[in-house]
Amino acid sequence: MHSSHLLLEEPIRMVSILEPSKASFFPAMTKIVGTLGPKSRSVEVISACLKAGMSVARFDFSWGDPEYHQETLENLKTAIKSTKKLCAVMLDTVGAEMQVVNKSEKSISLQADAQVVLTPDLGQEASSQILPINYDGLAKSMKKGDTIFVGQYLFTGSETTSVWLEVSEVTGQDVVCTIKNSATLAGSLFTLHASQVHIDLPTLTDKDKEVISTWGVKNKIDFLSLSYTRHAEDVRQAREFLSKLGDLRQTHIFAKIENVEGLTHFDEILQEADGIILSRGNLGIDLPPEKVFFFQKSALYKCNMAGKPAVLTRVVDSMTDNLRPTRAEATDVANAVLDGSDAILLGAETLRGLYPVETISTVGRICAEAEKVFNQDLYFKKTVKYVGEPMSHLESIASSAVRAAIKVKASVIICFTSSGRAARLIAKYRPTMPVLSVVIPRLKTNQLKWSFTGAFEVRYFVSASSCPVYTLSGLYY
């Protein structure tokens, strides 16, 4: 049985709750992914985000053009140089995402109990009566009583910038819906999510491929967030595509699980992917609310045992507009850490939120507090038991190194590596002390020029390892 309370260090001194948190040379073990956008793209704000604990910058291509994101990335590079904080780059694809197209970009007010028509006719202008969509197969998949969510950012149906629709009837290619909550939609594109409905769109679209082969190659992205991953074949196709793009051969693919279809094939997807992103926003729509926690715990456990990073989303939505998280959100972040999450992904909170830096700092502090009571001994024993015998030589060395470091109360584990495999295996066992990964660069040539390898490994360790991994290298940035 896998339960959060089993991973708590016992006994916990209640007085420690009242003690002020002590500043540490090393930040929280749990990494923070920040989505850069309108409120977080200046050099000043990005620098503050890096200092607050952001170790991965996410670029969401479901909105904005490559030029806009390139300008943001150049600001990130400037911030990295000035702060001397390493940060990896994650490209988030659009994938099989349905969108409402609002060419006029005028705000659309939708009133509860009124009706609105979803149509694939893009010649229509978006209004409170009709919403043009980019997918002509929706009507074939929908029936009366089905639910649809539409919104620019947080399409939960619980706030005024997203709306919950219920299908009333299907007429030809049009879907007539009853509006369940009043909302105002603003912007040119709104995401549309149909609950538990198969969408016949490719996971890696032509637009995604174009962005990856141009913007992605130019900027040598570290991670590809593969949106709407539904099958292991989706990951294999993405990896085959990356393998033809030179420097992107080593880019790590994180499968983004966003619906029941991906959840059904989770085990096979985990085998193929380098990491998993649990998109709780969409999953919270596809799954009954009472089932979400079970999926989260089960998925995180499987990722931990496989030694692959697991990233959790949608933890502090209220901080998009507020300086402090709710009590439930703070507890949710802590439980995510205790459940085994390797990173927290912040979306709208940093993209358009009013307090991007404070959000990163707050989440980091909560993670650090939760890590203090994480039962590493139990976790280590459970992981060793799961791996079983005989272990591979490298796995045996990694687990033994962690066991020895804990027994002698070592202050740090130093790992020399070039490929990064050894350091990742050490991180799998989650030692209580930091891991200092010394990346040994390799010299290579294409007969025209000489260059060093290793920059990718450095950024990966800093941003995606499941324990505090730090690097020594003077070659990068």
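Modeller: Happy to; we can go through the sheets, the cores and a few single residues. Keep in mind that this is a predicted model.

Colleague: Good to know. Which strands close into a barrel, and in what order?

Modeller: The barrel has 8 strands, in the order β1-β2-β3-β13-β14-β15-β16-β17, and their pairing is parallel. From one strand to the next, the twist averages 25 degrees.

Colleague: Let's zoom in on β3 and β13. Over how many bridges do they pair?

Modeller: Strand β3, residues 88-92, pairs with strand β13, residues 223-226, over 3 bridges in the parallel sense. Leu 91 has Leu 224 in β13 as its bridge partner.

Colleague: And which strands does helix α4 lie across?

Modeller: Helix α4, residues 206-219, lies across β2 (54-60), β3 and β13. Relative to β3, helix α4 runs at about 160 degrees.

Colleague: Changing topic: how many residues are in the largest nonpolar core?

Modeller: That core has 62 residues. Those with the most contacts inside it are Met 54, Phe 59, Leu 76, Ile 212, Trp 215, Phe 266 and Ile 276. A second, separate core of 28 residues includes Met 98, Val 100, Met 142 and Ile 199.

Colleague: What does Ile 276 touch?

Modeller: Leaving out residues up to four places away in sequence, Ile 276 touches Phe 254, Ala 255, Ile 257, Phe 266, Ile 269, Leu 270, Cys 303, Pro 309, Ala 310 and Val 311.

Colleague: I also have my eye on Leu 73. Is that one buried or exposed?

Modeller: Leu 73 counts as buried because its relative accessibility is 2%, and the cut-off for buried is under 20%. Leu 73 lies in helix α2, residues 66-83.

Colleague: Which residues does Leu 73 touch?

Modeller: Not counting residues up to four places away in sequence, Leu 73 touches Phe 59, Val 89, Trp 215 and Asn 219. Leu 73 and Asn 219 are 146 residues apart along the chain, and their C-alpha atoms are separated by 8.7 Å.

Colleague: Now Arg 41. Where does that residue lie?

Modeller: Arg 41 lies in the loop between β1 (31-35) and α1 (43-52). With 15% relative accessibility, Arg 41 counts as buried.

Colleague: What does the side chain of Arg 41 make a polar contact with?

Modeller: The partner is the side chain of Thr 72, at 2.9 Å. Setting aside neighbours within four places in sequence, Arg 41 is in contact with Ile 46, Tyr 68, Glu 71, Thr 72 and Asn 75.

Colleague: Last topic, helix α10. How far apart are its end C-alpha atoms?

Modeller: They are 18 Å apart. Helix α10 has 13 residues, 327-339, and at 1.5 Å a residue these should span 18 Å, which agrees.

Colleague: Which residues of α10 are buried, and what covers them?

Modeller: The buried residues are Glu 329, Val 333, Ala 334, Ala 336, Val 337, Leu 338 and Asp 339. What covers them includes α9 (289-306), β16 (310-313), β17 (343-346) and α12 (356-372).

Colleague: What comes just after α10?

Modeller: Gly 340 does, and it takes a positive phi of about 115 degrees.

How values were computed: Residues numbered from 1 in each chain as written. Predicted model: local features only at pLDDT ≥ 70, side-chain atom pairs only at ≥ 80, totals over all residues. Heavy atoms only, no water. Helix = DSSP H or I, 4+ residues; strand = E, 2+ residues; numbered from the N terminus. Buried < 20%, exposed > 50% of the residue type's maximum accessible area, 1.4 Å probe, protein only. Polar contact = N/O pair within 3.5 Å; in protein donor to acceptor, adjacent residues only side chain to side chain. Contact = heavy atoms within 4.5 Å. Core = buried A, V, L, I, M, F, W, Y, C linked by side-chain atoms within 4.5 Å. Expected span 1.5 Å × (residues − 1). Pairing = 2+ DSSP bridges. Axes fitted to C-alpha atoms, helices over the stretch in contact; angles between N-to-C directions.
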